[in-house]
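Subject: Structure handover

Hi,

As promised, here is the structure to look through.

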Amino acid sequence: CAHAVASSAMLSSPARWFLTLLLCGALPVSDLAAQEPVPVLANGASEWTAVASHSWGVEIANSTSGQRYVRQAVTWGHVLTDARGPGLLRGHFSWGIEFTPVFGLYEPERVYGFGVSPIAWRWSFASGGRLLPYAELAGGLLWTTRPVPVETARFNFTAHAAAGLRIMATPTQGLVLGYELHHVSNGNRLQ
């Protein structure tokens, strides 16, 4: 498994998070909360998201730790429902496809790859304001130039769980900040 910090590289302190927000051009939170509500995504709407992340491997169950990699992904999503659910859980369900044209492992060795996740499910909470939280689950496939981890396979499965926040600058454009627990699995296959 690996932790991925989307929209920036190697963020490890609150000061770096704040610096990233400033560098990305996010509006101050107090101004965002004071502005008029932005309609949440409507049923049938499409959404494009670009992600750049830096990740590090951690050991969970039979996972291998010590890897460091970068990943770039583009996701197309389609809102499938009107807002539903009670109170704070109220939101929209989306399905999407995530393309990973760049996967680069650089520690302990250099390996490159690409992937696709045809199952990307996102619940976008309907907060009614400019700050829109979300939760996401996705699964797919990853092909690499060499086995990842070493002595396993060049073809792997991927899965991730994510949570984040959309900061809407306009009703149709916003900055997405999120955190992923991204898993690369060889399915316990050894070469």
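Strand 6 (residues 131-144) and strand 7 (residues 155-168) run antiparallel, with 13 bridges joining them. Two strands count as paired if DSSP finds at least two bridges between them. If you want a spot to look at, Pro133 has Leu165 in strand 7 as its bridge partner.

Strand 7 is also joined to strand 8 (residues 174-185), again antiparallel, by twelve bridges. These two form a hairpin, with five residues between them. Ala159 is the residue that stands opposite His183 in strand 8.

Before you go further: this is a predicted model, where local features need pLDDT of at least 70 and side-chain atom pairs count only at pLDDT 80 or more, while totals for chains, interfaces and linings use all residues. Residues are numbered from 1 along each chain as its sequence is written, and side-chain values use heavy atoms, with hydrogens and water left out.

Now the aromatic rings. Searching the whole structure gives five aromatic pairs. The rule is that rings of Phe, Tyr and Trp (its six-membered ring) pair if their centres lie within 6.5 Å; planes under 30 degrees apart are stacked, over 60 edge-to-face, and the rest tilted. One of the pairs is Trp76 with Trp95, which is edge-to-face at 5.9 Å centre to centre and 85° between the planes. Trp76 sits in strand 3 (residues 68-79) and Trp95 in strand 4 (residues 91-107), so this pair ties together parts that are 19 residues apart in sequence. Trp76 is partly exposed, at 24% relative accessibility, and Trp95 is partly exposed at 29%. (Buried means under 20% relative accessible area, exposed over 50%, and partly exposed in between, with a 1.4 Å probe and protein chains only.)

Phe114 and Trp143 make a stacked pair, 5.4 Å centre to centre with 25° between the planes. Phe114 is in strand 5 (residues 111-125) and Trp143 in strand 6, 29 residues apart, and the pair links these distant parts of the chain.

One more ring to check is Tyr134: Arg122 lies over its face, 4.3 Å from the ring centre. That label needs NZ of Lys or CZ of Arg within 6 Å of the ring centre and within 35 degrees of the ring normal.

On to the salt bridges. How many does the structure hold? There are six, each being a side-chain nitrogen of Lys or Arg within 4 Å of a carboxyl oxygen of Asp or Glu. Glu47 pairs with Arg166, and their closest N and O atoms are 2.7 Å apart. Since Glu47 is in strand 2 and Arg166 in strand 7, the pair ties together parts 119 residues apart in sequence. Are these two buried or exposed? Both Glu47 and Arg166 are buried.

Glu98 and Arg71 form another salt bridge, with the closest N and O atoms 3.2 Å apart. This one links distant parts of the chain, Glu98 in strand 4 and Arg71 in strand 3, 27 residues apart. Glu98 and Arg71 are both buried.

Then there is Glu109 with Arg146, at 3.3 Å between the closest N and O atoms. Glu109 lies in the loop between strand 4 and strand 5, and Arg146 in the loop between strand 6 and strand 7, so the pair ties together parts that are 37 residues apart in sequence. Glu109 is partly exposed at 25% relative accessibility, and Arg146 is partly exposed at 37%. Elsewhere, salt bridges that share partners join Glu47, Arg122, Glu136 and Arg166 into one network.

Last, a spot in a loop: Leu41 is in the loop between helix 2 (29-34) and strand 2 (46-57). Leu41 is partly exposed, at 26% relative accessibility. The C-alpha atoms of Leu41 and Thr81 are separated by 9.5 Å, while the two residues are 40 residues apart along the chain.

Cheers

Conventions: Helices (H or I, at least four residues) and strands (E, at least two) are DSSP runs, numbered from the N terminus.
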